[in-house]
Amino acid sequence: MNLKKWVPGAILAVAGAMVAALVAFAAPQASAASLTQVTNFGTNPTNLQMHLYVPDRVAAKPGILLAIHYCGGSGPGFHSQTQYASLADRYGFVVIYPTVTRSSKCWDVSSAAALRRGGGSDPVGLMAMVDYVKQRHNADPGRIFATGTSSGAMMTNVLLGVYPDVFNAGASFAGVPFACFATTNGSEWNSQCSSGQSIKTPQQWGDLVRAAYPGYTGPRPRMQIWHGTNDDTLRYPNFGEQVKQWTNVHGLSQTPTFTDTPQSGYTRTRYGSTGGMAPVEAISMQGVTHNIPVDAAQVIRFFGLDGTPPTSTTTTTTTSTTTTTTTTPQPGDGCRVAYTVSAWNTGLTASITVTNTGSTAVNGWSLAFTLPGGQTITSGWSATYAPTTGAVTARNVSYNTAIAPGTSVTLGFQANHTGNTGEPSSFTLNGAACAVA
């Protein structure tokens, strides 16, 4: 396929997807934070541009999200078309929005330089952006993530293959496996891959990733994969090939350990774990084209970035130093719980938002409630749950210990049911009764 012919159509298709994604989410909360361009951020062989979003309230050691645009897009455009900045406002992580400046506005996921560690091209510039934020904002090196759509999804696969020691996880929306787009003639386009004809064994796909950083034996990034069955730009077989690749990289079976339908037409499979932060999570979207909606909240949930940062933590950054001041929160004195159920057949998903309505911070929390008869929790996120039926207690995890006054923490779980999809009638937070919204 001729790249010049493809790019405009892809721009329109993916731009439409971004608009659709905007409609699907609530408007961002008011914030004084703004997108800022950063120059001279480090080694930048392909003249990438960097825009940075730092929320007003930053966690003491914030996570970093690298949000990568589609062909023809830009960092500022991706910022305005997705919900990542508003989620950063809520949870205190930092978002990098890079921009390609070459004429195609597509990421280099084809050259030999891009597909090996330290080889050059776009990945080197992207790593310089990550290093810049790590140094300037006291970021947590164990919570660095990448996500993107279309060409940005391809780059997400590339980054996780080339820098497995840097990225903790990635989320790919309508992408292709690592090295699937490789070319030897300087072209940016690989029609065999785009048409879904690049079919390999799991071992072959995994070997391509392992060859990008020879000798590396450390942990591999987790991967979340989204693809529409009616994708006519990067055909649907690329979904299964990505699953093959990343399950093999993690040494996992091709047989899912968990399967559900989170919403109509969506089939979600997990590999290596049944929980919400499995090594590989794949969402097949029936009837969806390349105009793929971006579920930013599910990305942040998979990454584990959905904890509430302490409002008492402030970060002051200069060109040479970072000063962080943290105040230890105290037990809270009031709470409100909003509980929402989405049910289907014999399963359901529950989303729980706990708001601290008191005047003091909660530092460490347990939420107790009783599930209606016949409901059994099968997996959960942003909390640990025990037992899985009857009188349940959900306890905080490491990244969402504190709930400051006037702020909330959101958690949730999936459960089986025998017909009763009702909600718990009451909740207690650290033993104190909560109002029910």
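Start by selecting strand β7 (residues 222-228) and strand β10 (residues 280-285), which pair in the parallel sense over 6 bridges; two strands pair if DSSP finds at least two bridges between them. Helices (H or I, at least four residues) and strands (E, at least two) are DSSP runs, numbered from the N terminus. The model is predicted: local features need pLDDT of at least 70, side-chain atom pairs count only at pLDDT 80 or more, and totals for chains, interfaces and linings use all residues. Residues are numbered from 1 along each chain as its sequence is written, and side-chain values use heavy atoms, with hydrogens and water left out.

Pick Trp226 next; its bridge partner in β10 is Ile283.

Now widen the selection to the whole sheet. It is open, has 10 strands with mixed pairing, and runs in the order β1-β2-β4-β3-β5-β6-β7-β10-β9-β8. At the edges are β1 (35-38) and β8 (258-260), each pairing on one side only. On average, neighbouring strands are turned by 15 degrees against each other, direction ignored.

α8 packs on it, touching β6 (169-173), β7, β9 (266-271) and β10, and its direction makes about 170 degrees with that of β7. Axes are lines fitted to C-alpha atoms, for helices over the stretch in contact, and angles run from 0 to 180 degrees between N-to-C directions. Contact means heavy atoms within 4.5 Å. Helix α9 (residues 296-303) lies across β3 (64-68), β5 (144-149), β6, β7, β9 and β10, running at about 160 degrees to β7.

Keep α8 (residues 237-249) and show α5 (residues 151-162): the two pack at about 15 degrees, with axes 13 Å apart. They are therefore roughly parallel to each other (angles under 35 degrees count as roughly parallel, over 145 as roughly antiparallel, 65 to 115 as roughly perpendicular and the rest as oblique). Asn157, Leu160 and Gly161 in α5 meet Gln242, Gln245 and Trp246 in α8. The residues of this contact divide into 2 nonpolar, 4 polar and no charged (Ala, Val, Leu, Ile, Met, Phe, Trp, Tyr, Cys and Pro count as nonpolar, Asp, Glu, Lys and Arg as charged, and the others, Gly among them, as polar).
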